[in-house]
Amino acid sequence: MITGYVLGESLRPGAVFAPHGLRIRKVERTDVSGIATAGQPVLWTLVEWEAEDEDAAGPIAEALADALEPDLGWYADFTVGDERVVVFAGKVFRYRRGDAAGRAEAVAYGRAVGTPEHQLDWKE
């Protein structure tokens, strides 16, 4: 089972994220005025999703990498088995949950592309 989320606001204009086998679990609007930074909207649309087929992790990650807005360091993340997948526009990181070096590489990339420090907080 794969579970993850994507913020509607993180998708670039015209992008479509619709990998085969994906199911929506929940859509929620959240006021993030306390954590949004310059250029980010203060209301976010959290789309939680899941997929049964763990082999779909690669195509899902690539679909996200193609759909995410490259400005402001937007990312999406998901779990598949004991792996964490963190996706930025054009870049995918996969590492075993608890792998400090793997996480540090993804965090460093996020910093380099403008993800605010306090938003580099995905759960293991």
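**Thr45**

I started with Thr45 and looked up its place, which is in strand 3, residues 43-51. I was working on a predicted model. Buried or exposed, I asked of Thr45? Its relative accessibility is 16%, under the 20% cut-off, so Thr45 counts as buried. Next I listed what touches Thr45, leaving out residues up to four places away in sequence. The list holds Val6, Leu7, Gly8 and Glu9, then Val27, Glu28 and Arg29.

**The whole chain**

I then stepped back to the chain. I found 2 helices and 6 strands. Along the sequence they follow the pattern β-β-β-α-β-β-β-α. The radius of gyration is 14 Å, close to the 14 Å that the globule rule gives for 124 residues, so the chain is as compact as a globular protein of that length. I also noted the box that the C-alpha atoms fill, roughly 35 × 30 × 20 Å along the principal axes.

How much of the chain counts as buried? I read 41% of the 124 residues.

The surface came next. The chain exposes about 6,500 Å², and carbon and sulfur atoms supply 53% of that area. I looked up the charges too: there are 13 positive and 21 negative ones. Their mean positions are 2 Å apart.

**The largest core**

Which residues have the most contacts inside the largest nonpolar core? I wrote down Ile2, Val6, Trp49, Ile60, Leu64, Phe78 and Val87. The core has 20 residues. Strand 1 (2-7), strand 3, helix 1 (57-67), strand 4 (75-80) and strand 5 (83-88) each give two or more residues to this core. Helix 1 supplies the largest share, 6 residues.

I also found a second, separate core of 9 residues. Among its members are Tyr75, Ala106, Leu120 and Trp122.

**Helix 1**

I wanted the buried residues of helix 1. They are Ala57, Ile60, Ala61, Leu64, Ala65 and Ala67. An α-helix has 3.6 residues a turn, so residues three or four places apart point the same way. I kept that in mind while reading the list. What covers these buried residues? The cover includes strand 1, strand 3, strand 4, strand 5 and strand 6 (91-96).

I went to the start of the chain. Ile2 touches residues well along the sequence, and I again set aside those up to four places away. Its contacts include Trp49, Glu50 and Ala51, then Ala57 and Ile60, and also Phe78, Thr79 and Val80.

Met1 lies in the segment before strand 1. Its relative accessibility is 39%, so Met1 counts as partly exposed. I checked Met1 against Gly81, which is 80 residues away along the chain. Their C-alpha atoms are separated by 7.0 Å. Met1 also touches Gly81, and its other contacts include Arg23, Glu50, Glu54 and Val80.

**Val86**

I looked up Val86 and found it in strand 5. Its relative accessibility is 0%, so Val86 counts as buried. Which residues are in contact with Val86, its neighbours within four places left aside? I listed Tyr75, Ala76, Asp77, Lys91, Val92, Phe93, Tyr95, Ala106 and Trp122. Tyr75, Ala106 and Trp122 are also among the residues of the second core. I took one distance as well: the C-alpha atoms of Val86 and Ala57 are separated by 11 Å. The two are 29 residues apart along the chain.

**Two loop residues**

Where is Val32? I found Val32 in the loop between strand 2 (23-31) and strand 3. At 9% relative accessibility, Val32 counts as buried. Val32 and Leu43 are 11 residues apart in sequence, and their C-alpha atoms are 5.8 Å apart in space.

My last entry is Leu72, in the loop between helix 1 and strand 4. Its relative accessibility is 32%, so Leu72 counts as partly exposed. I noted its phi, near 75°, a positive value in a residue other than glycine. Most residues other than glycine have a negative phi.

How values were computed:
Residues are numbered from 1 along each chain as its sequence is written. This is a predicted model: local features need pLDDT of at least 70, side-chain atom pairs count only at pLDDT 80 or more; totals for chains, interfaces and linings use all residues. Side-chain values use heavy atoms; hydrogens and water are left out. Helices (H or I, at least four residues) and strands (E, at least two) are DSSP runs, numbered from the N terminus. The radius of gyration is taken over C-alpha atoms; the globule rule is 2.2 Å times the number of residues to the power 0.38. Buried means under 20% relative accessible area, exposed over 50%, partly exposed in between (1.4 Å probe, protein chains only). Accessible areas come from the Shrake-Rupley method with a 1.4 Å probe; for residues, only the protein chains shown count as cover. Lys and Arg count as positive and Asp and Glu as negative; His and the chain ends are not counted. The place of a charge is taken as NZ of Lys, CZ of Arg, CG of Asp or CD of Glu. Contact means heavy atoms within 4.5 Å. A nonpolar core is a set of buried Ala, Val, Leu, Ile, Met, Phe, Trp, Tyr and Cys residues joined through side-chain atoms within 4.5 Å.
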